[in-house]
Amino acid sequence: MKKLLYALMAGLVLLTSACSIGSSPDKAVEVLYKAALKNDEETYNNIVGGNSDLVGSIDMVAEMVRDMGGVEKLNFETIKKKNLLKEIEEDLDEQYENPWEVVMVSRKSEDEGKEVMIWVMEKVDGDYLVGEVESDYKEDVLK
């Protein structure tokens, strides 16, 4: 009986941690970056979902994170839809059936006018998964 209880508790812990990977869009992108650096393909692929542009690109993402100075030097910010340019919001509404959020990743010491990473994260079954990603300038995305 004790063994069964321990097995159930361990399963619950694993389920809870798996569900929390994508609990918020900015946290999901941060976990994705950390997984890429650790070469944790399982976590990486869970967040990438079916995005064919990113499947198998864990090394590329890890290199990008290292080039940006590592996760600890980055800001992960979920952008409110009201702060996006209207045409971007409309395009994303048309493109995605599920709820979506935009996450902007920039260096903490970033000067204005520098490129940032823009992640569109789609909420699927309670987790945030990658919809698309591109580098852009803040002024080309935000009002």
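**Entry 1. The chain as a whole**

I began with burial and found that 36% of the 143 residues in the chain count as buried. I note here that the model is predicted. I then listed the secondary structure and got five helices and four strands. Going along the sequence, I wrote the pattern down as α-α-α-α-β-α-β-β-β. I also looked up contacts between residues at least 6 apart in sequence, and 55% of these join residues at least 24 apart.

**Entry 2. The sheet**

I looked up how the strands are arranged. They form an open sheet of four strands in the order E1-E2-E3-E4, and the pairing is antiparallel. Strand E1 (74-79) and E4 stand at the edges; each has a single partner strand, so one side of each has no neighbour in the sheet. From one strand to the next, the twist averages 25°. As a reminder to myself, strands of a sheet pair through backbone hydrogen bonds, either parallel or antiparallel.

I turned to strand E3, residues 115-124, and asked how many of its ten residues are buried. The count is seven, and I recorded the strand as mostly covered.

On one side I checked strand E2, residues 100-107. E2 and E3 pair in the antiparallel sense over six bridges. I picked out two of the residue pairs. Glutamate 101 has methionine 121 in E3 as its bridge partner, and methionine 104 has isoleucine 118 in E3.

Next I checked strand E4, residues 127-137. E4 runs antiparallel to E3, and ten bridges join the two. Again I noted two pairs.

I asked which helix lies across E3 and E4. I found helix H3, residues 41-48, which runs at about 80° to E4.

**Entry 3. The largest pocket**

I looked for empty space last. Rolling a probe the size of a water molecule over the atoms shows where such space is left. The largest pocket has a volume of about 160 Å³. I wrote down its lining residues: Ile88, Asp91, Leu92, Gln95, Val102, Ile118, Val120, Glu132, Glu134, Asp136, Asp140 and Val141. Helix H5 (86-95), E3 and E4 are the elements that give two or more residues to this lining.

Which element gives the largest share of the lining? I found that H5 does, with four residues. I then sorted the lining by class and got six nonpolar, one polar and five charged residues.

How values were computed. Residues numbered from 1 in each chain as written. Predicted model: local features only at pLDDT ≥ 70, side-chain atom pairs only at ≥ 80, totals over all residues. Heavy atoms only, no water. Buried < 20%, exposed > 50% of the residue type's maximum accessible area, 1.4 Å probe, protein only. Pairing = 2+ DSSP bridges. Axes fitted to C-alpha atoms, helices over the stretch in contact; angles between N-to-C directions. Contact = heavy atoms within 4.5 Å. 1 Å grid on protein atoms, 1.4 Å probe; cavity = no way out; pocket = protein on both sides within 12 Å on 5 of 7 lines; lining within 4 Å. Points joined across faces, edges and corners; volume = space filled by probe spheres on them. Nonpolar A, V, L, I, M, F, W, Y, C, P; charged D, E, K, R; others polar.
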